[in-house]
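Here is a short briefing for a reader who is new to this structure. Please look over the sequence and the model, then read on.

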Amino acid sequence: MTELSHTAPVGDGSSIVPTGPIDSHSKLRDQDFQAPTGRVGGQGVAGLGELSDMERTERLRKMHDGTLGSVHSWELVTAVDGPGTRLTIFLNGCGLRCLYCHNPDTFFMKDGTPVEIDEILGRIRRYRKIFRTTGGGVTLSGGEAMMQPEFVRRILAGAKAMGVHTCLDTSGFLGANCDDAMLDNLDLVLLDVKSGIPELYKKVTTGDLQPTVDFGDRLAARGTTRVWIRFVLVPGLTDGKDNIEAIGNIITQWRNVIDRVEVLPFHQMGQDKWDSLGLDYQLRDTKPPSPEATEEVRDYFRLLGFEVH
């Protein structure tokens, strides 16, 4: 396998939310809420209150306390991103640069739509009857939702106060941002284990595997939040026998909280986004795995005793 380079800038999310005093002279970083220039903006926030004219200092204050978030889009879906009918909210910002990412337009927080927490909670409230009927709820995705931990904290707490099932779709790379108080309001984690080999994880994502392992270990030790494991099968990249077995070895340690494992075949639906953003998409010649190859991997996880989809 040839070495693959990454051209999109990265960040670990540690400086996304300002922690010190905020003043009118604060300099915005690339991740902060400034108007996108020459980029394709996220779609699908119709009906949510936009705050594009909010003064910079006030935006930073609201971002700091979690009353404002950067939202890419939202959708109401069934049997995806958790049980039942779900309101999935895609937040902008991600510290990884996965080669197969199909939402590269969520890389930067500045490219999202600034949305008030009350608008999000109001939409969740609107769909409570549907959630109760279908056993659904709200799922926070991205990007990486944990780039905006205080915004996520408020959404989870507000949803649980309404009796709504909550779910976080995450790589676990910023799992340290999800403290125990947040986990108390979290029913389900969709944990994307992108590789089981540290060196390969770095090649696939530019990030480190260990934070994901640490987050999974915390979830298993607490034993209160259920987990669905997700793994994207990419031919020539993540489909090696040693990698799949390494993932199996990792997630077996979390068996007490895992309800299912999802093996997701790679697809090319994100290629146009990479091109429109002027990013170097390195997997344009990669084909999806065959149904037989995908099922073979699923059978391996079934042999480990997991329910597999």
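Helices (H or I, at least four residues) and strands (E, at least two) are DSSP runs, numbered from the N terminus. Helix α4 is followed by G163, whose phi is positive, near 80°. The model is predicted: local features need pLDDT of at least 70, side-chain atom pairs count only at pLDDT 80 or more, and totals for chains, interfaces and linings use all residues. Residues are numbered from 1 along each chain as its sequence is written, and side-chain values use heavy atoms, with hydrogens and water left out.

**The sheet**

- An open sheet is formed by 8 strands, in the order β3-β1-β2-β4-β5-β6-β7-β8, with mixed pairing. Two strands pair if DSSP finds at least two bridges between them.
- β3 (113-116) and β8 (258-265) are the edge strands, each pairing on one side only.
- From one strand to the next, the twist averages 30°. Angles run from 0 to 180 degrees between N-to-C directions, and axes are lines fitted to C-alpha atoms, for helices over the stretch in contact.
- β2 and β4 run parallel and are joined by 5 bridges. F90 has S141 in β4 as its bridge partner.

**Helices on the sheet**

- Helix α2 (residues 117-126) packs on the sheet and touches β1, β2, β3 and β4. Contact means heavy atoms within 4.5 Å.
- The direction of α2 makes about 70° with that of β3.
- α4 lies across β1, β2, β3, β4 and β5 (165-170). Its direction is at about 170° to β4.

**Where α2 meets α4**

- The two axes, of α2 and α4, come within 10 Å and cross at roughly 30°.
- This crossing of α2 and α4 is right-handed. A crossing is left-handed if the near helix is turned anticlockwise from the far one by less than a right angle, and right-handed if clockwise.
- From α2, the residues I117, I120, L121 and I124 take part. They meet F151, R154, I155, G158 and A159 in α4.
- The contact of α2 with α4 has 7 nonpolar, 1 polar and 1 charged residues. Ala, Val, Leu, Ile, Met, Phe, Trp, Tyr, Cys and Pro count as nonpolar, Asp, Glu, Lys and Arg as charged, and the others, Gly among them, as polar.

**Helix α4 itself**

- α4 has 13 residues and reaches 18 Å from its first C-alpha to its last. That is close to the 18 Å expected at 1.5 Å a residue; the expected span is 1.5 Å times one less than the number of residues.
- Its buried residues are P149, F151, V152, I155, L156, G158 and A159. Buried means under 20% relative accessible area, exposed over 50%, partly exposed in between (1.4 Å probe, protein chains only).
- A157 is also found in α4 and is partly exposed, at 34% relative accessibility.
- A157 and M182 are 25 residues apart in sequence and 7.8 Å apart in space, C-alpha to C-alpha.

**Backbone exceptions**

- Most residues other than glycine have a negative phi, and most peptide bonds are trans.
- A79 is not a glycine, yet has a positive phi of about 65°. A79 sits in the loop between β1 (68-78) and β2 (85-91) and is exposed, with a relative accessible area of 66%.
- D81, not a glycine either, has a positive phi of about 65°. D81 is found in the loop between β1 and β2 and counts as buried at 8% relative accessibility.
- The peptide bond from G142 to G143 is cis, with omega near 15°. G143 lies in the loop between β4 (137-141) and α4 (149-161).
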